[in-house]
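User: Please examine the model shown below. I shall then ask about its ligand shell, its sheets and its backbone.

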Amino acid sequence: MKIAIFGAGVAGLSAAIELVDKGHSVEIYEKRKVLGGKVSVWKDSDGDSIESGLHIVFGGYEQLQKYLKHVGAGDNYQWKDHSLIYAESDGKQSCFKKANLPSPWAEVVGGIQTDFLTSWDKFSLIKGLYPAIIGNEEYFRSQDHMTYAEWHRLRGASEHSLEKLWRAIALAMNFIEPNVISARPMITIFKYFGTDYASTKFAFFRKNPGDSMIEPMRQYIQSKGGRIFVDAKLRRFELNSDETIQHAVLQDGHHIEADAYISALPVHNIKNIVPPEWLVHKYFRNLHEFVGSPVANCQLWFDRKITDTDNLMFSQGTIFATFADVSITCPEDFQNNTGSANGGSVMSLVLAPAHQLLTMPNEVITWLVMKDIHDRFPKSRKAKLLKSTIVKIPQSVYKAVPDVDQYRPDQISPVKNFFLAGDYTYQRYLASMEGAALSGKMVAEKLLGRLGK
Ligand SMILES: Cc1cc2nc3c(=O)[nH]c(=O)nc-3n(C[C@H](O)[C@H](O)[C@H](O)COP(=O)(O)OP(=O)(O)OC[C@H]3O[C@@H](n4cnc5c(N)ncnc54)[C@H](O)[C@@H]3O)c2cc1C
């Protein structure tokens, strides 16, 4: 079969890997010049890698790790110490370090030893979070009608632990506050965190997600005969009388004909391309229930090291929610003599919530980031800022607010030759690289199942 895939993020590339492996003729059309979507990385005029966002691989990302191995990138990421590190004022750090015991003792003992939670926090968390630890998928789904903050309070867990521990996790996961995010994804994470020792460890790409993951995927797909076109924006579909796609039309007027068409576009893009004729189907109308979460990523190059932490860090009460010194966590990029780096720290910081930042000049955002950096990393007060960059994404992953989960579409659409992939489509993960990879695998399987090949 000839299969046209629109969008070269992790979802589109994963679908392509599956389909070229089965011997199909695959063409990918990507609107930008760079592949990878929200994971894309590009070099600026100084030779620095600019990330769309700081990206972490979790131990539980089984499908993504299978693809990385499959395309020869299985060694391109590196595990870090198994702990949640919170940067506090004046350079102090708090740490939730899992004990070296089987779950759930690893978490219980680790939690009891944690110094930034009070005894009441610990007691209220063990008691309050218990239903999440023993819960199943059905229970998690049944909690989607309320926000995480509501769920937390209903369970009698302390306000201090909400602010201190979970706020940063909600902001890291979906770039929204605990009183906005649905309880469902948060308690699902607790289940993983509390019951599976390995699934919550973090890894960083040795270089960056572009060079360490997207580029090997591209090479693999092309080595198997897949064709990838950039600067190729999908504009619309023209239909047959039975509502199937006759051909796709790109922005430059090119017509694309294929046996099957996969959208691996973000939901906010595909919902505007869906032909009006298809809106008779609830399946397509439901796409309008999703709203993208705004987020921004800031990178700062310093003339000296301002931290020695080789891991992901969280903080609360700052403009950034999660961050890392990528000159330490990513040993094959951001090093001395790579672009602007001179051996000093290169901080990559995810700024969330970001609604108010989108219209702010970058200079003002940088000033706000630096104020918080000076507070959390005293060594930065004497350091010189060599360079700063900001990438704003007005609509990134879909907002996992209450009651939206039910609208996540299956990969099979009511239109016989049209399929959806993407982190927002239904799979067991929230919007993430793993969710995107799973959606790519599922779309390929369902497409081949439906079209009988
Ligand atoms: C700041 C930030 C940090 C993150 N951190 C993590 C993390 O640590 N771990 C994790 O697992 N996940 C993380 N994520 C989430 C993760 O990046 C996404 O869930 C995942 O990459 C989405 O992949 P996707 O293929 O579904 O969509 P996308 O990556 O959005 O890919 C869609 C592609 O479609 C293209 N496109 C759009 N319109 C058209 C058109 N009309 N024609 C052709 N092409 C089009 C886009 O250019 C894009 O390349 C983060 C996201 C952000 C923004």
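Analyst: A residue counts as near a molecule or strand if its C-beta atom, placed from the backbone, lies within 6 Å of it. This is a predicted model, in which local features need pLDDT of at least 70 and side-chain atom pairs count only at pLDDT 80 or more, while totals for chains, interfaces and linings use all residues. Residues are numbered from 1 along each chain as its sequence is written.

User: How many residues surround the ligand?
Analyst: The closest residues to the ligand are Gly7, Gly9, Ala11, Gly37 and Gly53. The shell around the ligand divides into 19 nonpolar, 13 polar and 7 charged residues; here Ala, Val, Leu, Ile, Met, Phe, Trp, Tyr, Cys and Pro count as nonpolar, Asp, Glu, Lys and Arg as charged, and the others, Gly among them, as polar. The number of residues that surround the ligand is 39.

User: Which element gives the most to the shell around the ligand?
Analyst: Elements are DSSP runs numbered from the N terminus, helices being H or I of at least four residues and strands E of at least two. Helix H1 (10-21), strand S15 (295-302) and helix H15 (433-450) each supply at least two residues of the shell. The element that gives the most, with 4 residues, is H15.

User: Between which domains does the shell around the ligand lie?
Analyst: Domain bounds come from an automatic or database domain assignment. The protein is divided into domain 1 (2-33 + 230-291 + 406-450), domain 2 (42-61 + 73-95 + 201-206 + 294-394) and domain 3 (99-196). Two of these domains both give residues to the shell, so it lies between domain 1 and domain 2.

User: How far apart are the C-alpha centres of domain 1 and domain 3?
Analyst: Domain 3 covers residues 99-196. The C-alpha centres of domain 1 and domain 3 are separated by 34 Å.

User: How many residues of S18 are buried?
Analyst: A residue is buried if 20 or more other C-beta atoms lie within 10 Å of its own, exposed if 12 or fewer, and partly exposed in between, with C-beta atoms placed from the backbone. Val346, Ser348 and Val350 point one way from S18, and Met347, Leu349 and Leu351 point the other way. S18 is mostly covered, and its buried residues number 6 of 6.

User: How many bridges join S15 to S18?
Analyst: On another side of the pairing, S17 and S18 are antiparallel over 5 bridges, with Thr322 opposite Val350. S15 and S18 run antiparallel, and the bridges that join them number 6.

User: In the open sheet of 3 strands, how many bridges join S11 to strand S12?
Analyst: The order of this sheet is S11-S12-S13, with antiparallel pairing. Strand S11 (234-239) and strand S13 (255-256) are at the edges, each with a single partner strand, so one side of each is left without a neighbour in the sheet. Glu238 has His247 in S12 as its bridge partner. The bridges joining S11 to S12 (residues 245-250) number 5.

User: Which peptide bond is cis?
Analyst: The proline concerned, Pro353, is in the loop between strand S18 (346-351) and helix H14 (362-376). With omega near -5°, the cis peptide bond runs from Ala352 to Pro353.

User: Is Asn337 buried or exposed?
Analyst: Asn337 has a positive phi of about 70° although it is not a glycine. Asn337 lies in the loop between helix H13 (326-329) and S18. With 9 other C-beta atoms within 10 Å, Asn337 is exposed.

Notes
Pairing = 2+ DSSP bridges.
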